[in-house]
There are 2 protein chains.
Amino acid sequence: MKKKPTLYDVAKVANVSIATVSNVLNHKSEASEKTIQRVNEAIKKLGYSRNESARSLKKGESKLIGLVVPDNNPFFTEILNGIQEECELYDWQVVAAASEESSARQNQLIKLLSAQQVSGIILAPATDTLEIPIDFSSAPIVLIDRELHNAELPIIKADNVEGSYKATKMLLRNGHKRIGLILASPGISTTVQRKQGYIDALKSAQIKADEKLIRYGGDYTGTKAQIDGGYQAVINMMNLPSPPTAFFVTNHLLMIGAVKAIKELRLSIPRDIGFIGFDDHPWQEISDPPFTIVSQPAFEMGRLAVRALNKLKSTGEIVTASLPLQLIIRKSCGTKNVND
Amino acid sequence: MKKKPTLYDVAKVANVSIATVSNVLNHKSEASEKTIQRVNEAIKKLGYSRNESARSLKKGESKLIGLVVPDNNPFFTEILNGIQEECELYDWQVVAAASEESSARQNQLIKLLSAQQVSGIILAPATDTLEIPIDFSSAPIVLIDRELHNAELPIIKADNVEGSYKATKMLLRNGHKRIGLILASPGISTTVQRKQGYIDALKSAQIKADEKLIRYGGDYTGTKAQIDGGYQAVINMMNLPSPPTAFFVTNHLLMIGAVKAIKELRLSIPRDIGFIGFDDHPWQEISDPPFTIVSQPAFEMGRLAVRALNKLKSTGEIVTASLPLQLIIRKSCGTKNVND
């Protein structure tokens with residue numbers, strides 16, 4: 001049987017993005033006359049029919065997908081954006097809910113969503129252990145970002161060990177030997193992996209990690225608590241007899257707090273203190289100095305999670321993917337490039 | 001009959017926040033021993049029982065509340081945070097979905113959520129007209145942020161006319177007579193109101209608004225499109241024979257684009273160009289220069305919307321509230337205070 005043409009095929013033939021094809025199909029006003037024509041020609045040529053994927057849905061199922069994330073920070077918002085775009089393909093709608101880093105609340109949300117007969121759940125777990133049997137949810141579950149060590153589920157994650165390794169290497173290359181590491185909560189897989197990458201990079205430079213230079217931001221519910229955690233970590237480490245000369249700060253909110261502390265101490269980045277942050281955001285285009293950042297492919301992770309969910313539902317296959325992190329080199333880490 | 005004690009009453013008696021009471025009830029680890037004791041004493045004293053509000057829920061109803069917003073920008077995320085906190089009181093869980101500024105998609109989401117028997121829907125509409133009868137949703141609807149001119153529903157909004165008036169006045173006070181105004185999409189109530197406040201403030205200074213200094217950011221789906229819209233608006237206006245000496249930019253993403261353009265033109269804020277933005281965010285604590293901002297009480301708006309929903313469900317009352325906007329004065333608008 002000939003494979004049915006997808007939105008992807010249409011986009012490829014029309015030489016436009018999936019989003020544009022979707023806009024044309026939804027009669028949104030964004031596209032130019034020319035683009036609309038090109039998309040319509042591609043649709044005709046391929047014999048694309050919009051409802052093919054919708055028709056394949058089982059009867060009685062809703063067209064809703066549930067996303068359960070620990071909080072509403074911008075990283076998860078960007079994942080949600082990717083999920084929404086990909087869901088266009090399947091005629092699914094997305095509802096999102098936050099567990100606020102509580103596994104009790106997370107489990108309650110999964111139960112509620114299952115009871116509403118959602119078509120599937122994408123979950124970034126609050127802790128690295130699922131305290132309930134996997135099959136307590138009637139909806140299939142795909143993990144995103146964070147691993148569970150006691151459940152075999154499809155997962156789309158980022159290669160945090162490698163990302164952290166690259167960032168630490170960059171600071172070493174710029175002459176830093178005492179590098180402060182600021183991590184989120186110790187109980188989640190991403191934290192463990194980011195710590196590992198840091199330790200590996202130091203080891204490659206014959207430096208033994210100093211535990212006094214590794215801090216957890218403390219308690220991680222709420223935006224303000226995370227910013228405060230980053231702030232306090234810098235203040236504490238700068239008060240050490242032998243303070244760090246650079247910081248690697250492993251999430252967006254911790255980073256805001258850390259930079260705030262550095263500014264209050266009247267230290268200049270990168271002249272007095274080298275700095276690498278985590279998660280790229282639009283405001284970093286206008287920040288001063290421009291920050292070197294370990295960037296996560298959050299949007300792409302969201303898209304792949306939807307594809308993994310579709311695969312799980314249609315074939316039962318357990319897809320796992322680990323996406324590379326990108327080190328975006330700007331000025332805050334110093335001027336020496338890793339390739340110098 | 002004696003009124004049943006609420007979480008508010010417990011918080012008041014224990015002299016802690018609602019969030020803290022909720023944390024203690026949920027056995028989260030944030031609170032100190034002392035606080036836990038104080039909260040438990042207050043609970044005992046008042047005879048508070050956690051499930052009072054849950055018990056009042058009609059049978060067959062889910063414990064889910066749906067939030068439908070135009071997009072996932074940080075303003076709506078903060079509204080969602082407020083909604084989540086308030087929902088603790090009613091034992092409701094929140095699911096959020098984005099219409100992507102499409103009223104067709106918005107209406108589809110409302111139908112889907114109704115079909116899932118959510119307890120209620122909080123809606124920031126995509127356009128200022130509801131193209132379907134209000135009662136097409138079996139769930140009660142409360143509006144947030146944006147008005148509908150053809151439906152009488154409870155609404156929690158901000159006083160955008162007044163907020164915009166105050167910002168424009170501040171720029172006038174700092175000697176600016178040609179003030180560029182950058183607005184979002186023309187089809188929504190908040191845009192109309194922000195334009196009105198600007199025109200009123202100019203009129204109070206005997207200045208007639210120049211239409212060439214009022215721009216809409218163009219097409220508003222997606223983060224990148226909005227940033228580009230703010231960027232282009234600045235470039236276009238700075239190319240006028242008589243360009244503006246200051247900008248008032250009325251949302252967060254437009255603002256990032258506008259500042260990017262100003263930096264590329266190598267103009268210094270506030271020396272060469274006065275600037276006031278919209279929506280306060282954590283990164284503004286570390287931005288350079290610190291930006292003067294019209295700040296919306298997004299978190300509080302979210303809380304009040306949940307209360308309005310509860311009121312609507314329990315008594316049928318149509319609550320409306322218009323919250324004041326705050327002008328947070330930092331350095332980007334110039335040094336003259338409105339009170340000088």
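Biologist: Which residue forms a salt bridge with A:R271?
Modeller: A salt bridge requires a side-chain nitrogen of Lys or Arg within 4 Å of a carboxyl oxygen of Asp or Glu. For A:R271 the closest N and O atoms of such a pair are 3.3 Å apart. The partner is A:D272.

Biologist: Which pLDDT must local features have in this model?
Modeller: Residues are numbered from 1 along each chain as its sequence is written, chains are lettered from A and ligands numbered from 1 in the order of writing, and side-chain values use heavy atoms, with hydrogens and water left out. The model is predicted: totals for chains, interfaces and linings use all residues, side-chain atom pairs count only at pLDDT 80 or more, and local features need a pLDDT of at least 70.

Biologist: How far apart are the closest N and O atoms of A:D210 and A:K212?
Modeller: A:K212 is partly exposed, because its relative accessibility is 47%. A:K212 forms a salt bridge with A:D210, and the closest N and O atoms lie at a distance of 3.7 Å.

Biologist: How many residues apart in the chain are B:R303 and B:E85?
Modeller: The side chains of B:R303 and B:E85 meet in a salt bridge of 3.4 Å, N to O. Helices (H or I, at least four residues) and strands (E, at least two) are DSSP runs numbered from the N terminus. B:R303 belongs to α11 (residues 298-315) and B:E85 to α5 (residues 74-87) of chain B; this link joins distant parts of the chain, and the separation is 218 residues.

Biologist: How much area do chain A and chain B bury between them?
Modeller: Contact means heavy atoms within 4.5 Å, and 39 residues of chain A are in contact with 38 residues of chain B. Buried area is the accessible area (1.4 Å probe) that two parts lose on being put together, summed over both. Carbon and sulfur atoms account for 52% of the total, which is about 3,800 Å².

Biologist: Which element gives the most residues to the side of chain A that touches chain B?
Modeller: Between the two chains there are two salt bridges, and B:R105 forms a salt bridge with A:E88 whose closest N and O atoms are 2.4 Å apart. The elements of chain A that give two or more residues to this side are α5 (74-87), β2 (93-98), α6 (103-115), α9 (223-238) and α10 (252-264). With six residues, the largest contribution comes from β2(A).

Biologist: What distance separates the end C-alpha atoms of α6(A)?
Modeller: The expected span of a helix is 1.5 Å times one less than its number of residues. The 13 residues of α6(A) should therefore span 18 Å, and this agrees with the end C-alpha distance of 18 Å.

Biologist: Which side chain makes a polar contact with that of B:N72?
Modeller: B:N72 is in the loop between β1 and α5 of chain B, and its relative accessible area of 16% is why it is buried. A polar contact is a pair of N or O atoms within 3.5 Å; within protein, one must be able to donate a hydrogen and the other to accept it, and residues adjacent in sequence count only if both atoms are side-chain atoms. Leaving out residues up to four places away in sequence, B:N72 touches several residues, among them A:T77, A:L80 and B:A98. The polar contact is 2.6 Å, and the partner is A:N81.

Biologist: Which side chain makes a polar contact with that of B:N251?
Modeller: B:N251 lies in the loop between β8 (246-249) and α10 (252-264) of chain B, and is buried because its relative accessible area is 12%. Not counting residues up to four places away in sequence, B:N251 touches B:A184, B:Q226 and B:F278. The polar contact is 3.0 Å, and the partner is B:Q226.

Terms used: Buried means under 20% relative accessible area, exposed over 50%, partly exposed in between (1.4 Å probe, protein chains only).
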